[in-house]
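Work through the exercises below with the model open. Try each task before reading its solution.

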Amino acid sequence: MYYTTMDSPIGQLVITGTDEAVTGITFGWDKFLQTATKPVENAEHSILKEAERQLDQYFKGTIQLFNVPLFLHGTSFQKMVWSKLLEIPYGQTRTYGEIAKWIGNEQAVRAVGQANRRNPIPIIIPCHRVVGKNKSLMGYAGNQVDKKEILLKLEGVL
């Protein structure tokens, strides 16, 4: 496992990956230090450099889709939710309830919220595009709704 850091409009990001794929994006160094595994710093790693390049382009508004390989570690339910998040178009939002319906379980609204909260690769897997039923900005990466607001403004939603 490897990591690199980058500055962004929502603060410092720590990007982790293997030789094959991006495995995580963490908001800030403090949050990264709380992770169980401690990858080796490698700012020249090709997968990480490509992820950083694409994130930079996203923040500049020159790309809307990411094209880096991802490795997702989670339950089958979480992976199903995360795959649906990837289908939410740039500049659009969906509610937690809509995602629950989309996966075929209208009663799973809270479970969708928890899967969203555990998304290991935010921004690339756009959990920021999921909002409350009244379109309110609800929790993001714990309690970082300000980051969600910045990302949605960047995409022209707000």
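**Exercise 1: the sheet**

In β4, Val-40 is the bridge partner of Tyr-2. The model is predicted: local features need pLDDT of at least 70, side-chain atom pairs count only at pLDDT 80 or more, and totals for chains, interfaces and linings use all residues. Residues are numbered from 1 along each chain as its sequence is written, and side-chain values use heavy atoms, without hydrogens and water.

Task: Work out the strand order of the open sheet, and which strands stand at its edges.

Solution: 
1. Start with β1, residues 2–8, which pairs with β4 in the parallel sense over two bridges. Strands are DSSP runs of E, at least two residues, and helices are runs of H or I, at least four, both numbered from the N terminus. Two strands pair if DSSP finds at least two bridges between them.
2. Extend to four strands: the order is β3-β2-β1-β4, with mixed pairing.
3. β3 (22–27) and β4 (40–41) each have a single partner strand, so one side of each lacks a neighbour in the sheet.

**Exercise 2: the whole chain**

Task: Count the helices and strands, then find what share of residues is buried.

Solution: 
1. The chain has six helices and six strands. From the N terminus, they run β-β-β-α-β-α-α-β-α-α-β-α.
2. Of the 158 residues, 44% count as buried, meaning under 20% relative accessible area with a 1.4 Å probe, protein chains only.
3. The C-alpha atoms fill a box of roughly 45 × 30 × 25 Å along the principal axes.

Methods:
Buried < 20%, exposed > 50% of the residue type's maximum accessible area, 1.4 Å probe, protein only.
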